[in-house]
Amino acid sequence: MSKFKSTIETAKGLQLLREAECGGQKVLCYTRFSDADSLWIIGASNGTDVWRVGMTEDEITDSTQQRGPSYLSDVCSTLESGDIQIMKVHNHLLVTLKCGLEQYEFNLYELPATERRKEIEHLLFKLSSQLLFTQKQLKETQDHLQEVLKTTSTSEHGAFPEPKNKPAAKVKKQVGHSLVNPNSKKRKTATGVVFGEDS
């Protein structure tokens, strides 16, 4: 990997994808790195037409010196999820990125038919790769979650075994004892004082 490509990778700008709007029409913004030309490419497509701009290492270095050391990372983060505005001006798109008080503008030019087809093919395979990668991550997450739930369920049953239902022991009634308090004997019913009859 070249030093320039490594710089773009560090800024997380190698394979960005972002949906945006241009004049009420949806467009897909993307970035990629061209190893053949050693260019960092920012592009946009509506599915039929393609606009893009390629920047060299020297151009990125010059912009970084003029705009500050966070220039590249700011551009990448804003392209990914920040404030982006796209306007069609004649044969090119004006892409404006707003990052805090800073504002970055890029002119993306429409590609001729021969280059457009190759770029759309590249974009299609990129989307396919990212979809497959996302599906793989989702499956791994689901498998891991099921394993955790299975382990947790097994541990709980092992630590707290379910009690067996045993029939309740019958209390044997003892003669002369109270049912409410078996340890105490029943008191005999008071009969009062009995006086003998007069003879």
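**Charges and salt bridges**

Tutor: Start with glutamate 59, which counts as partly exposed because its relative accessibility is 40%. Buried means under 20% relative accessible area, exposed over 50%, and partly exposed in between, with a 1.4 Å probe and protein chains only. This is a predicted model: local features need pLDDT of at least 70, side-chain atom pairs count only at pLDDT 80 or more, and totals for chains, interfaces and linings use all residues. Residues are numbered from 1 along each chain as its sequence is written, and side-chain values use heavy atoms, with hydrogens and water left out.

Student: Where does glutamate 59 lie?

Tutor: Glutamate 59 is in helix H2, residues 57-67. Helices (H or I, at least four residues) and strands (E, at least two) are DSSP runs, numbered from the N terminus.

Student: And which residues form the negative surface patch?

Tutor: Glu57, Asp58, Glu59 and Asp62 form it. Patch residues have over 30% relative accessible area and no salt bridge; like charges are joined within 9 Å, nonpolar side chains (Val, Leu, Ile, Met, Phe, Trp, Tyr) within 5 Å. Asp and Glu count as negative, Lys and Arg as positive; His and the chain ends are not counted.

Student: New topic. How many salt bridges does a search of the whole structure find?

Tutor: The search finds 7. A salt bridge needs a side-chain nitrogen of Lys or Arg within 4 Å of a carboxyl oxygen of Asp or Glu.

Student: What does lysine 5 meet in a salt bridge?

Tutor: Aspartate 35, at 3.3 Å, N to O. The pair links distant parts of the chain, 30 residues apart: lysine 5 is in helix H1 (residues 3-10), and aspartate 35 is in the loop between strand E2 (25-34) and strand E3 (39-45).

Student: Is lysine 5 buried or exposed?

Tutor: Lysine 5 is buried, because its relative accessible area is 18%. Aspartate 35 is exposed, at 53%.

Student: What about glutamate 119 and arginine 32, buried or exposed?

Tutor: Both are buried. Their side chains meet in a salt bridge at 2.9 Å, N to O. Glutamate 119 is in helix H4 (residues 113-159) and arginine 32 in strand E2, 87 residues apart.

Student: Which residues do shared partners join into one network?

Tutor: Arg32, Arg52, Glu115 and Glu119.

Student: And what does arginine 67 pair with?

Tutor: Glutamate 102, in a salt bridge of 3.1 Å, N to O. Glutamate 102 is in strand E7 (residues 102-110), arginine 67 in helix H2, 35 residues apart. Glutamate 102 is partly exposed at 32%, and arginine 67 is partly exposed at 35%.

Terms used
Areas by Shrake-Rupley, 256 points an atom, 1.4 Å probe, with all protein chains shown as cover. Charge placed at Lys NZ, Arg CZ, Asp CG, Glu CD.
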